[in-house]
Amino acid sequence: TVYEDQLQKHLKKCNSREKPKPVYFVQDINAGLKDLAEMPEKQVSLSSLSIEEMGNLIIKLKKASNGLELHLKEQILSHQALQEALKDPKNGESAFKHLKQQASILGNMEKLGLLGPGRCFVEFGAGRGKLSHWVDVALENVESVQFLLVERATTRFKVDGKHKRRDSIFERLQVDIQHLCLNKVPTLEKKKLPVVGIGKHLCGAATDLALRCLVESYITCCDGEDEEPAPKRSRVAHTEEAPSNSAENERNTEDRKPVAGIVIALCCHHKCDWTHYVGREFFKSAGLGPVEFHYFQRMSSWATCGMRENTGKASTSEESEDQTNDTDEHEQTLSRTESGSDTLRGILTVEERKEIGCLCKRLIDHGRIEYLRQHGYKATLQYYTESAVSLENVLLTAVPSPLIPEPTI
């Protein structure tokens with residue numbers, strides 16, 4: 001409470017007041033579905049389904065998954081930038097697991113030729129900013145690098161103060177990805193560097209919002225500034241294997257697209273949302289819709305349900321303590337997910353449930369891959385770390401597909 005005659009003075013400093021929106025805030029620019037007729041209706045829970053209804057869902061899932069690439073390639077890499085930290089005995093088990101994942105993400109970025117000068121790295125769901133921190137360490141002798149750390153929540157124990165390179169620009173954007181318009185971010189608008197979108201364990205719908213932010217809203221705004229149309233894109237380009245680390249390919253990529261690449265470790269498919277999902281067209285082409293999506297995203301938790309070990313062990317480092325809290329938050333969210341166990345008791349084994357959960361994840365992810373391919377990207381899924389390190393161990397990567405110039409007459 002405050003005295004009436006002091007109210008105006010208090011409102012100027014009150015933390016609870018509504019703050020003015022930043023210039024890069026555009027309401028629902030990345031939200032997706034705007035057609036009310038397509039909005040999903042309120043669905044019944046999995047546990048309320050009959051055995052026959054559950055069986056029909058599983059049949060639809062297997063039919064839609066038929067012909068998809070379900071056995072992902074292992075791409076477990078590392079990076080020199082993290083070798084010292086990986087060998088540091090002060091880091092506990094939880095911190096070590098996070099470091100291994102970050103090292104592999106950086107290794108995959110390097111393999112794709114995304115670690116280089118003249119780039120703006122946008123970390124979605126940045127949290128403390130550890131992934132951007134290690135990218136900065138990896139680019140120790142590289143010039144003209146920007147970092148935008150997108151996080152809607154106020155974050156404690158940020159590592160922003162640990163950045164030693166003075167020529168690196170770090171900026172935090174406290175905004176929901178749903179409302180982020182990248183081309184209105186002043187530092188990005190000024191330098192117009194090629195963007196690399198990154199994220200580690202970007203939960204559910206946040207991945208779809210980030211993809212749309214990069215692939216639709218940002219690129220559309222950038223394309224509007226071009227005077228000449230882009231060359232035609234090859235229809236079969238995504239089936240060909242891109243060079244892993246070619247400087248020439250790297251330069252051509254940057255010339256063609258304002259987004260040079262996307263590297264996101266996926267997480268929490270049970271928190272996906274049909275409204276925001278980028279793969280709706282793929283689902284429709286498979287004869288599926290919001291009803292099936294509603295159940296599949298819940299069934300996706302079967303892939304990890306009951307398999308997680310307690311990683312909340314005491315740690316000797318501040319880093320480990322905070323990261324363990326992050327891990328626990330993911331696990332608690334999964335444990336609350338409705339599993340439909342009463343319906344499945346005596347029908348499906350644990351292994352069968354795990355297999356169905358994995359199918360749901362891959363189907364949802366394939367919709368994302370198709371979305372990226374339709375927008376001119378060579379997109380792939382791979383295992384970037386062992387399941388013993390993280391059960392959420394799939395990495396989505398995308399780089400612009402090779403272009404075929406128009407034939408001269």
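Helices (H or I, at least four residues) and strands (E, at least two) are DSSP runs, numbered from the N terminus. The model is predicted: local features need pLDDT of at least 70 and side-chain atom pairs count only at pLDDT 80 or more, while totals for chains, interfaces and linings use all residues. Residues are numbered from 1 along each chain as its sequence is written, and side-chain values use heavy atoms, with hydrogens and water left out.

Two strands pair if DSSP finds at least two bridges between them. On that basis there is an open sheet of 8 strands with mixed pairing, in the order β1-β7-β8-β6-β5-β2-β3-β4. Its edges are β1 (73–74) and β4 (168–173); each has a single partner strand, so one side of each is left without a neighbour in the sheet.

Buried means under 20% relative accessible area, exposed over 50%, and partly exposed in between (1.4 Å probe, protein chains only). In β6, 9 of the 9 residues are buried, so the strand is largely enclosed by the rest of the structure. Strand β5 (residues 195–203) runs parallel to β6 and is joined to it by 7 bridges. Among these pairs, valine 196 has glycine 261 of β6 as its bridge partner, and isoleucine 198 has valine 263. Strand β8 (residues 394–400) runs antiparallel to β6, with 4 bridges between them. Here valine 263 stands opposite threonine 397 of β8.

Axes are lines fitted to C-alpha atoms, for helices over the stretch in contact, and angles run from 0 to 180 degrees between N-to-C directions. Helix α5 (residues 130–138) lies across β2 (119–124), β3 (145–150), β4 and β5, and runs at about 140° to β5. Helix α13 (residues 350–374) touches β6, β7 (377–383) and β8, its direction making about 155° with that of β7.

What is the count of disulfides? With a disulfide taken as a pair of cysteine sulfur atoms within 2.5 Å, the count is 0. Cysteine 203 is in no disulfide, and its nearest cysteine sulfur, that of cysteine 268, is 3.5 Å away. Cysteine 203 counts as partly exposed because its relative accessibility is 22%. Cysteine 268 is likewise in no disulfide; the nearest cysteine sulfur belongs to cysteine 267, 3.0 Å away. At 1% relative accessibility, cysteine 268 counts as buried.

Key:
Contact means heavy atoms within 4.5 Å.
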